[in-house]
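Q: I am new to this structure and would like a close look at a single part of it. Please keep the answer plain.

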Amino acid sequence: MRESIALAKARGVYDRGPKLSADQIDTARRRIANGVTKSRVARDLGVSRQTLYTALCANLE
């Protein structure tokens, strides 16, 4: 099993890329600063609230 995962990672088909681009995260931050709820922003972007929270926190570091 681990060998097949390693082979898939080597081909670049195992790991997913980020759900939100840097531009989408910047836009989300501006909308949130302007009073739009995080739930609404997440819904408009087509992601869960948790994905939005994770992206907002990860991009700060």
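In which helix do R40 and D44 both lie, and how many residues apart are they?

A: R40 and D44 both lie in helix α3, four residues apart, which is about one turn of the helix. Helices here are DSSP runs of H or I with at least four residues, strands are runs of E with at least two, and both are numbered from the N terminus. This is a predicted model, in which local features need pLDDT of at least 70 and side-chain atom pairs count only at pLDDT 80 or more, while totals for chains, interfaces and linings use all residues. Residues are numbered from 1 along each chain as its sequence is written, and side-chain values use heavy atoms, with hydrogens and water left out.

R40 forms a salt bridge with D44 (a side-chain nitrogen of Lys or Arg within 4 Å of a carboxyl oxygen of Asp or Glu), and their closest N and O atoms are 2.7 Å apart. The structure holds two salt bridges. D44 also forms one with R31, where the closest N and O atoms are 2.8 Å apart. That pair links distant parts of the chain: D44 is in helix α3 (residues 38-45) and R31 is in helix α2, 13 residues apart.

D44 is partly exposed at 38%, and R31 is partly exposed at 26%.

Key
Buried means under 20% relative accessible area, exposed over 50%, partly exposed in between (1.4 Å probe, protein chains only).
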